[in-house]
Amino acid sequence: MSLRLSTVILPYRRWNEGSREAWQRAEQLGFHTGYTYDHLSWRTFRDGPWFGAVPTLTAAAAVTDHLRLGTLVTSPNFRHPVTLAKELISLDDVSGGRVTLGIGAGGTGFDATALGQEPWTPRERADRLAEFVPLLDRLLSEDSVSYEGDFYSAHEARNIPGCVQRPRLPFAVAATGPRGLRLAARYGQAWVTTGDPKLYENGTPEQSVQAIRGQAERLADACAEIGRDVAGMDKILLTGFTPDRARPLESLEAFVDFAGRHRELGFTEIVIHWPIPDSDFAADEKVFEQIAMEALAQLG
């Protein structure tokens, strides 16, 4: 598969105060997909503006023509499969079939307690994701679904006419552990990783590449267990969370080197953050646009 370049546009600006223009510019620059985070609030942005992912993507669908749209990532922390399925089918319809659902187990951030619950342990999050993904798969593929699980239920949930994309819109499953990788292998059209978080503070880029190689190998093993060829699965790297941090966006040459090393691991899509001044995602906008327009050609 050829390498694709995508971007994440965080929903921290009002639509008419820069957000609309960013999504339109992403399409003009030739990005494959424009993603956004599906959180109720997030890290250092908690006390500032932050808008909902699905309405933002719906608005983006209305002002773009061919840019794919997606979440990186949706989680069970505050979502229910029945209501999420209805929103996704509507978004897929408005966009003309341009939606990818990035989905993962979630974490211990603000989303984990916003509904008044205690934060779930990693095992509890994995348990919920293991039920969430198969149920969502059915809800997006079948006209009527009834289900009783340990965490989620559906009673004659109707989703007519279903997704524009058939049999449903694609899932990009974020996972690094054994259970998540098995979910990705069974239900994902793509796999997502941010690298190994244990290496972020004190690891080296070389250690990060080794860790990601190990993740990719475990994904291949999970696919082999069910008779699936991992080579036919998209592999997405969300950048900004490896020891390299923002260095790949410092120059076109730095990015081409970074992307080339990860393409060798089998990645088919690399996602970079739209620059946000005075944040962890600060970057020179001119360099960012140069990368968007020229990097793939240099990678061959």
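**A close look at strand S3**

A: Strand S3 and strand S4 (residues 99-103) run parallel, joined by four bridges. Before going on, please keep in mind that this is a predicted model, in which local features need pLDDT of at least 70 and side-chain atom pairs count only at pLDDT 80 or more, while totals for chains, interfaces and linings use all residues. Residues are numbered from 1 along each chain as its sequence is written, and side-chain values use heavy atoms, leaving out hydrogens and water.

A few words first. Strands (E, at least two residues) and helices (H or I, at least four) are DSSP runs numbered from the N terminus, and two strands pair if DSSP finds at least two bridges between them.

How does the chain get from S3 to S4? The path goes through helix H3 (residues 81-95), making a right-handed β-α-β crossover. Right-handed here means that, with the strands pointing away from the viewer, the path from the first strand over the helix to the second runs clockwise.

S3 has another partner, strand S2 (residues 33-36), which also runs parallel to S3 and is joined to S3 by four bridges. Here threonine 36 has threonine 71 of S3 as its bridge partner. The chain goes from S2 to S3 by way of helix H2 (residues 53-62), in a β-α-β crossover that is right-handed.

Is S3 mostly covered or mostly open? S3 spans residues 68-74 and is mostly covered, with seven of its seven residues buried. Buried means under 20% relative accessible area, exposed means over 50%, and partly exposed lies in between (1.4 Å probe, protein chains only).

Helix H1 (residues 15-28) has buried residues of its own: Gly18, Ser19, Ala22, Trp23, Ala26 and Glu27. S3 is part of what covers them, and so are strand S1 (4-8), S2 and H2. Just after H1, glycine 30 takes a positive phi of about 90°.

Valine 73 is found in S3, and the peptide bond leading from leucine 72 to valine 73 is cis, with omega near -10°. Most peptide bonds are trans, and most residues other than glycine have a negative phi.

Which residues does glycine 104 touch, once its neighbours within four places in sequence are left aside? The answer is Val73, Thr74, Ser75, Pro76, Leu129 and Ala174, where contact means heavy atoms within 4.5 Å. Glycine 104 has a relative accessible area of 3%, and therefore counts as buried. Alanine 175 is 71 residues away from glycine 104 in sequence, yet their C-alpha atoms are 6.6 Å apart in space.

To put the picture together, S3 is joined on parallel bridges to S2 and to S4. Its seven residues are buried, and the cis bond from leucine 72 to valine 73 ends at a residue that glycine 104 contacts.
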